[in-house]
Amino acid sequence: MWVWAFGAFPTRVLRPWAEGPAFLFPTAHGPRPSAPGRGGAGCSEAPPPPAATSPAPPAAAGSLRPRGAVRACAGPRLGAAMMEGLDDGPDFLSEEDRGLKAINVDLQSDAALQVDISDALSERDKVKFTVHTKSSLPNFKQNEFSVVRQHEEFIWLHDSFVENEDYAGYIIPPAPPRPDFDASREKLQKLGEGEGSMTKEEFTKMKQELEAEYLAIFKKTVAMHEVFLCRVAAHPILRKDLNFHVFLEYNQDLSVRGKNKKEKLEDFFKNMVKSADGVIVSGVKDVDDFFEHERTFLLEYHNRVKDASAKSDRMTRSHKSAADDYNRIGSSLYALGTQDSTDICKFFLKVSELFDKTRKIEARVSADEDLKLSDLLKYYLRESQAAKDLLYRRSRSLVDYENANKALDKARAKNKDVLQAETSQQLCCQKFEKISESAKQELIDFKTRRVAAFRKNLVELAELELKHAKGNLQLLQNCLAVLNGDT
Amino acid sequence: MAAEREPPPLGDGKPTDFEELEDGEDLFTSTVSTLESSPSSPEPASLPAEDVSTNSNGRKPAEVVLDDDREDLFAEATEEVSLDSPEREPILSSEPSPAVTPVTPTTLIAPRMESKSISAPVIFDRSREEIEEEANGDVFDIEIGVSDPEKVGDGMNAYMAYRVTTKTSLSMFSKSEFSVKRRFSDFLGLHSKLASKYLHVGYIVPPAPEKSIVGMTKVKVGKEDSSSTEFVEKRRAALERYLQRTVKHPTLLQDPDLRQFLESSEWFEEKQQQFENLDQQLRKLHASVEALVCHRKELSANTAAFAKSAAMLGNSEDHTALSRALSQLAEVEEKIDQLHQEQAFADFYMFSELLSDYIRLIAAVKGVFDHRMKCWQKWEDAQITLLKKRETEAKMMVANKPDKIQQAKNEIREWEAKVQQGERDFEQISKTIRKEVGRFEAKRVKDFKTVIIKYLESLVQTQQQLIKYWEAFLPEAKAIA
């Protein structure tokens, strides 16, 4: 169940929206129809069927979403049924609710540990996630429990993984990005200020738009936090991490404060050192072809994903602007229609209606593209970075190993501290080998995951585009039939 | 001729009037009759001829013979004057200017017969004839009714609106029956305009009903009692009588202000307002469509950029199937970018240009309305000038400057023609505008419908193409293993 407290907003903007509880369950206006109660299927689906084929039909209140690999167990938690008021006919539901977690589809199912975010609350400047765990593992006191966590606590968990030497050989699931409603809030505020200068109708339309946008961002941030947890839970080693268990179970505040200035500065330096080091380390040629290849590949891939992600972003945003223009055109046509005295007024009104409807579709196209393409790319940008980090750690340990070798040789030559050098060298060797082994597997998994995720998303993208184009086409053809019939 | 008429023609039994002045009183009456005859005969000399013709013809009620009789007037004080009052009346009423400007009693008293050249300030020969033709009796064929008092507005800003209905067959009006809504202050305004134009030159302009603050306030406040209804009814009747009297006055009837008051120039005002609104709305719409064109172009550019980026990504992807799919995606996006471009063109050339064309057309329409106003102003100005010229003429008469009088007369003729022309022009332009506006509206409706339908069809095409592209891509995506 998603509770969205609009008390978050400065009252000035809130007042015209004082719709009370009805608003908590948004109706299907704008690009993001309701059904926020997607309550993630968590990471618990059975081996995901290779593809989510056609889009799920809109679930009636309370029923299950029958498909979507990621959603298999969404059912019981969908109860809150936010699916009110689908005003645009059956087919205009966006699939973003299913797709939100589809970024990383290939998560191994495991009844032993299921994690999801069952609830989320947006307040003025923070979001509170309700992390819900179901587990049969003996490590936990209960089988099912929930805690409330904030973004900072997720970051803490992530950092603890990164800093843990034992996990050096794994791709650490990338941390979820900070929830950022600033842009949306600004827009809402501006809308509130400009209320006087536009017609009531325009104002309502824009308000709905912005609400939908806000809701979309909200859902996305929840999804990304959830994906992080699911990845951790699915990882054979990481899921056993003590911090993770604490995170899941400890039902009081973890007292994780955000890093203060000093710590942030430290981080900054650490990063600088790391990247400098990375450059040095990457100069070392790797004996292993696999890793050599991976390194080259990842470097290039990462950069290109970055570029593609940025361009995709811009593309979806232009799309959205164009859709917004439809909105304004629709309003103007409506005004023309109501003012005109000739028989063209009916004509104008019909076309205005068309623009309104077509705009909704266009907005959804933009939203879906955002989800299936932009988000996908963004996620893999982060993951490829994590993979790069892994490679760096491995290279680092390789360098250490080689240095230890040299030290050992020197020690043997001097016949001084040989034992020490030997131990040290052995440690390094072990570390290196351990990392190498797990890294190899991780990277292979990464590739599998990546391919699957892309496949799923590209297929869904194509399907959605088709659906929307067909919907649009039908709208236009209907309208034309009516208009031609009249004239 | 004079000899013939030595004996009072009265003996003929002809009903032609013959005035004999015996005393001042008669003098005055004969003055009037003098005036009546003078329009047709500015020269004293011709009067006899007329007189004869009148005598022989008989029936020309408007023609009162009085010519040399004037001489007789003084000479033969004993002559009888028979004044046929009943016959006098039509003459009086048909006389365009009973209280004639240049002629004052004093003029006549002074035995200056030349003053006969007082051409009564008849306004237009044409209308005079018309009036004469129509009126064997009292009225020209125009009837005004004031009805339907309706309260408009609320509280102290309220007022009563009356419907002024005109029924006429006079050709100078474009329709035979029409009505407008006017409020009391409009009537007052009309009167003040007429008064300022005509009173000082001697026309008796019928006064408008009086204001009554008490009465009106009661009405405004909304008392639905008998006293306020009575008040309204009294006022309505008074307004009706006022208008009736005003239109019976041939000179005033010609006045453009009166004409505007009666006729629905509201149509023009309404239309002007409509076009103003339309203009505004079209501008707004145009701005939105321009924004759309701009954003679509942007979208096209961004899609192209993304396509390239996706192609690069596909290249570096080392999983073959995925790599191929990504390249396909890049191709699709490239094609879509083309689509967006074409659509942007359609947006622009069909929709946006149509709108800007119409915005300019409407500016032309507004210009036409402005011209009409100018035309009206010209007419009004000509009329005022004419009155001034008449004034001048009268002054010249008084000052007895024959040469200047002639000049004045010439000028009067000139300005009479101008006024006529002005009125004709105004009516012409009004008629033309009505027709043109109708034509414009019809064209506009057709234009918009055609273009918008074409535009929608272009949107249809785009969607169809999109469907084709994505359908081609889907199997590729599914083929990723």
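Trainee: Which residue is the bridge partner of Lys167(B) in S3(B)?
Mentor: That's Glu177(B). Keep in mind that we're looking at a predicted model.

Trainee: And how many bridges join S2 of chain B to S3(B)?
Mentor: Seven, with S2 (residues 159-168) and S3(B) running antiparallel.

Trainee: Which residues of S3 are on the covered face, and which on the uncovered one?
Mentor: S3 spans residues 177-183 of chain B, and its covered face has Phe178(B), Val180(B) and Arg182(B). On the uncovered face you'll find Glu177(B), Ser179(B), Lys181(B) and Arg183(B). So Glu177(B), the partner of Lys167(B), belongs to the uncovered face.

Trainee: Switching to the interface: how many residues of chain B are in contact with chain A?
Mentor: 57 residues of chain B, and they touch 63 residues of chain A. The two chains bury about 5,400 Å² between them, with 71% of that on carbon and sulfur atoms.

Trainee: How many salt bridges go across?
Mentor: Four, by the rule used here. One of them pairs the side chains of Asp318(B) and Arg450(A), at 3.4 Å from N to O.

Trainee: Which elements of chain B give two or more residues to that side?
Mentor: Helices H12 (266-316), H13 (320-399) and H14 (402-478). H12(B) gives the most, with 24 residues.

Trainee: What does UniProt say about residues 398-432 of chain B?
Mentor: The unreviewed entry annotates them as a "coiled-coil region". In the model, that stretch is 94% helix and 0% strand, and its end C-alpha atoms are 45 Å apart.

Terms used
Residues are numbered from 1 along each chain as its sequence is written. Chains are lettered from A and ligands numbered from 1 in the order in which they are written. This is a predicted model: local features need pLDDT of at least 70, side-chain atom pairs count only at pLDDT 80 or more; totals for chains, interfaces and linings use all residues. Side-chain values use heavy atoms; hydrogens and water are left out. Buried means under 20% relative accessible area, exposed over 50%, partly exposed in between (1.4 Å probe, protein chains only). Helices (H or I, at least four residues) and strands (E, at least two) are DSSP runs, numbered from the N terminus. Two strands pair if DSSP finds at least two bridges between them. UniProt positions are given in the numbering used here, feature names are shortened, and annotations may be inferred rather than shown by experiment. Contact means heavy atoms within 4.5 Å. Buried area is the accessible area (1.4 Å probe) that two parts lose on being put together, summed over both.
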